[in-house]
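This briefing is intended for reading alongside the sequence and the coordinates.

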Number of protein chains: 2
Amino acid sequence: MSVRAGIVVTGTEVLTGRVRDLNGPWLADRLLELGVELAHITQCGDRADDLTAQLVFLAGQQVDLIITSGGLGPTADDLTVATVAQFYGRELVLDTGLEQRIADILRRLTAGRQGVDFDAVLAANRKQAMVPVGAQILEPVGTAPGVVLHSEHLPTVVVLPGPPRELQPMWATAVATDGVQQAIAGRTEYRQQTVRMFGLPESGLAETLRDAQSQITGFDRLEITTCLRRGELEIVTRYEPEAADSYTALVDLLRERHPRELFSEDGTLVDDQVAGLLAGRTIATAESCTAGLLAARLADRAGSSAYLAGGVVSYSNDAKIELLGVDGALIAQHGAVSEPVARAMAEGALARFGADTAVGITGIAGPGGGTAEKPVGTVCFGVAVAGRDTVVRTLRLPGDRSDVRERSTTVAMHLLRQELGRP
Amino acid sequence: MSVRAGIVVTGTEVLTGRVRDLNGPWLADRLLELGVELAHITQCGDRADDLTAQLVFLAGQQVDLIITSGGLGPTADDLTVATVAQFYGRELVLDTGLEQRIADILRRLTAGRQGVDFDAVLAANRKQAMVPVGAQILEPVGTAPGVVLHSEHLPTVVVLPGPPRELQPMWATAVATDGVQQAIAGRTEYRQQTVRMFGLPESGLAETLRDAQSQITGFDRLEITTCLRRGELEIVTRYEPEAADSYTALVDLLRERHPRELFSEDGTLVDDQVAGLLAGRTIATAESCTAGLLAARLADRAGSSAYLAGGVVSYSNDAKIELLGVDGALIAQHGAVSEPVARAMAEGALARFGADTAVGITGIAGPGGGTAEKPVGTVCFGVAVAGRDTVVRTLRLPGDRSDVRERSTTVAMHLLRQELGRP
């Protein structure tokens with residue numbers, strides 16, 4: 001038997017996209033770890049009718065657990081506790097002990113501030129001490145307490161505040177309550193693993209998965225989701241421990257069919273792999289169309305100064321000639337977007353920075369600048385490694401200016417991975 | 001009468017938080033602009049039952065319009081069109097013209113690639129040409145077509161693909177269809193305008209808004225949302241046309257109180273303004289902690305090659321000395337993160353690229369490298385303009401490594417705006 005849950009994210013600022021919701025994804029991860037299946041996330045504004053409708057909807061979907069975030073503040077538009085209480089058929093009562101504890105917190109918070117009318121603050125916050133009859137209280141981390149409501153006839157509801165730094169510790173407390181433990185008692189344990197591929201179209205993966213369906217025993221017990229991101233395919237599989245053999249068979253098939261494209265069986269990113277391969281090395285970049293995106297991506301992780309020497313953004317031809325030592329005649333003969341120039345840029349960066357590894361990128365990101373021979377999306381790459389022949393590649397990348405530039409950095413990362421990874 | 005809408009975001013990768021949903025917030029903004037009230041956003045995984053339940057829920061909430069995103073790919077877990085068709089009681093039929101157009105797109109995409117079994121690609125994508133009877137087709141921007149379904153008895157449903165660069169242009173097409181126009185016919189007209197400020201704390205704005213409330217007639221008819229983003233304050237105001245005078249009074253007050261901080265009254269970004277100021281100029285960058293982010297940001301917009309010469313990412317001290325001509329003694333005396341070095345970097349970039357405008361950035365992005373005197377977040381900037389004294393600034397920026405690097409580029413853009421904008 002599997003346990004299902006729903007998450008309700010409240011707040012007009014979240015619904016309208018002014019504030020990005022961090023609680024839905026965070027709670028989704030926690031549920032996954034617990035082995036609870038997340039069926040629905042719903043978002044609504046600060047309106048009681050819409051919130052009630054979402055609670056009724058989730059209860060009708062037979063979820064065992066509902067978690068709400070937001071709407072616990074002192075102002076009039078904070079109405080989650082009252083709305084959940086009404087949904088549960090429970091009255092609100094003042095918890096005087098809780099009121100006192102909130103007052104203590106507020107006294108500490110406002111201590112030393114001038115112009116604070118403490119009685120007005122207390123009056124506004126009295127509302128936060130009104131709790132549904134029979135609810136389990138979750139002590140406030142900020143000033144807002146949460147509650148857990150449990151009954152035989154309705155899903156257990158956990159009411160949490162909106163600020164992530166309050167919600168996260170209070171969730172840990174909530175999980176330990178009887179109400180939540182009873183709701184999740186029947187949960188299944190799941191494993192989740194991620195495989196990553198590069199250079200395979202989604203339709204090619206779809207074909208392999210169709211074959212997997214007919215060839216692999218227990219394939220239907222694998223819950224597979226695929227996602228195309230930054231030019232890479234991410235394949236996430238969730239399964240019960242008994243289906244481990246089917247998962248192994250799936251990875252074997254993917255490796256057998258797509259040995260060049262499969263680059264990560266343990267979920268590591270190409271950035272992780274390149275960072276590992278660069279240990280003990282020094283890298284420099286020479287970028288035209290990406291204009292610094294590759295250098296910035298290499299510098300993303302802390303500690304990258306151990307291997308990143310620097311780079312040149314050579315947007316103009318003069319910059320390619322002056323700063324990277326590219327021969328002007330090469331540009332005149334082949335054009336700035338060409339394999340000879342990509343090679344010369346990489347080798348120029350290698351020399352100028354005294355590095356042992358370098359990447360050159362020159363391309364047409366668009367929207368202008370394309371020709372019949374070199375349309376928008378044409379990008380040339382050079383990877384120079386000291387003591388080896390420089391490798392060059394030309395690709396035609398899809399999408400708009402921003403896509404072409406971002407994909408180019410991903411391609412460069414994979415060329416680096418391949419080149420540094422070979423013996 | 002107000003028109004209400006719901007958004008359904010599908011995809012296990014979004015529900016589980018592995019991929020951040022960008023479509024919900026983007027569509028929320030578009031609905032706001034249209035004057036349509038967004039009541040609910042729901043998210044579900046790639047399961048037909050859960051998707052159906054959400055459609056039934058929204059229809060029961062009497063929304064006039066439902067927009068779905070995601071689940072239009074060629075793989076078996078992409079089931080939005082079939083599920084929506086069933087909800088609408090419409091059969092799926094193969095649209096052979098559409099199939100042909102998708103085939104043409106795929107032929108272009110796979111042209112020149114080796115090892116592609118084109119028939120298999122076509123078979124996988126045939127599914128995408130199966131459309132509900134009577135649906136209005138939205139031509140694919142990628143390979144997935146969208147559909148609009150309209151009837152008298154159900155909300156109009158717009159089915160859009162998940163990738164934002166496909167969804168966004170297709171939404172514009174969808175809005176123009178009869179189905180959507182009929183659904184939103186009864187909406188209230190709103191205006192929405194944006195003001196941007198830089199360098200003002202949120203609490204300072206809150207104080208001004210409190211004064212505005214007591215001073216401005218009709219202030220309550222302005223629906224104001226404020227958002228702190230990339231170190232800038234964005235103030236978005238929505239109002240009915242009759243409240244235009246109140247809005248004008250608000251902007252007057254903001255300008256009067258915060259003349260230095262208010263930099264955009266028409267919603268233009270600092271990037272737009274800097275691009276305008278750079279017309280006829282040539283700019284170069286010298287970046288340490290931002291490692292190419294500023295150059296990449298300057299190159300974001302099409303046509304930037306007219307003024308962007310290039311840049312140097314001088315991550316190591318050697319690179320600062322060799323490529324930018326920074327005096328090694330200066331680094332030894334003041335440290336790499338210092339105003340003299342930021343000045344030398346900017347002036348070095350000016351000279352090396354033959355530019356008339358240059359920016360130098362050197363800072364401590366963290367998590368390591370901070371000292372008591374120069375903690376993590378300390379960033380020094382130099383702005384060199386030919387024929388003027390170079391301007392230097394040191395700021396202490398909040399946040400983690402990624403925040404510090406991104407904020408630094410924003411600060412650099414504002415320093416450029418101020419320096420190029422003064423007479």
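In which loop of chain A is A291(A) found? A291(A) is found in the loop between β13 (283–287) and α12 (293–298) of chain A; helices (H or I, at least four residues) and strands (E, at least two) are DSSP runs, numbered from the N terminus.

This is a predicted model, in which local features need pLDDT of at least 70 and side-chain atom pairs count only at pLDDT 80 or more, while totals for chains, interfaces and linings use all residues. Residues are numbered from 1 along each chain as its sequence is written, chains are lettered from A and ligands numbered from 1 in the order in which they are written, and side-chain values use heavy atoms, with hydrogens and water left out.

**Interface of chain A and chain B**

- In chain A, 71 residues are in contact with 73 residues of chain B, contact meaning heavy atoms within 4.5 Å.
- About 5400 Å² is buried between chain A and chain B, 55% of it on carbon and sulfur atoms; buried area is the accessible area (1.4 Å probe) that two parts lose on being put together, summed over both.
- On the side of chain A, R18(A), Y315(A) and L323(A) lose the most area to chain B, together 12% of what that side buries.
- Nine salt bridges are counted between chain A and chain B, a salt bridge being a side-chain nitrogen of Lys or Arg within 4 Å of a carboxyl oxygen of Asp or Glu.
- One of these salt bridges pairs D50(A) with R4(B), with the closest N and O atoms 3.2 Å apart.
- Strand β2 (residues 37–44) of chain A contributes eight residues, the largest share of the side of chain A that touches chain B.
- That side of chain A divides into 30 nonpolar, 20 polar and 21 charged residues; Ala, Val, Leu, Ile, Met, Phe, Trp, Tyr, Cys and Pro count as nonpolar, Asp, Glu, Lys and Arg as charged, and the others, Gly among them, as polar.

**Strand pairing**

- Strand β14 (residues 308–314) of chain A runs antiparallel to strand β14 (residues 308–314) of chain B, and five bridges join them; two strands pair if DSSP finds at least two bridges between them.
- Within this pairing, G310(A) has S314(B) as its bridge partner in β14(B).
- Strand β8 (residues 156–160) of chain B is largely enclosed by the rest of the structure, because five of its five residues are buried; buried means under 20% relative accessible area, exposed over 50%, and partly exposed in between (1.4 Å probe, protein chains only).
- From β8(B), T156(B), V158(B) and L160(B) point one way and V157(B) and V159(B) the other way.
- Strand β3 (residues 65–69) of chain B pairs with β8(B) in the parallel sense over five bridges, with T156(B) as the bridge partner of L65(B).
- Strand β7 (residues 146–149) of chain B pairs with β8(B) in the antiparallel sense over three bridges, and these two strands form a hairpin with six residues between them.

**Backbone geometry**

- The peptide bond from G366(A) to P367(A) is cis, with omega near 0°, and P367(A) is found in the loop between β15 (357–363) and β16 (378–385) of chain A.
- In chain B, a cis peptide bond likewise joins G366(B) and P367(B), with omega about 0°.
- A291(A) has phi near 50°, a positive value in a residue other than glycine, and is buried at 0% relative accessibility.
- A291(B) also has phi near 50° and is buried, with a relative accessible area of 0%.

**Salt bridges within the chains**

- Over all chains the count comes to 45 salt bridges.
- R101(A) and E139(A) meet through their side chains in a salt bridge (2.7 Å, N to O), which links distant parts of the chain, 38 residues apart.
- R126(B) forms a salt bridge with E99(B), the closest N and O atoms being 2.4 Å apart.
- D271(B) and R297(B) meet in a salt bridge (2.8 Å, N to O), and both residues are buried.
- R4(A), E37(A), E223(A), R238(A), R47(B) and D50(B) are joined into one network by salt bridges that share partners.
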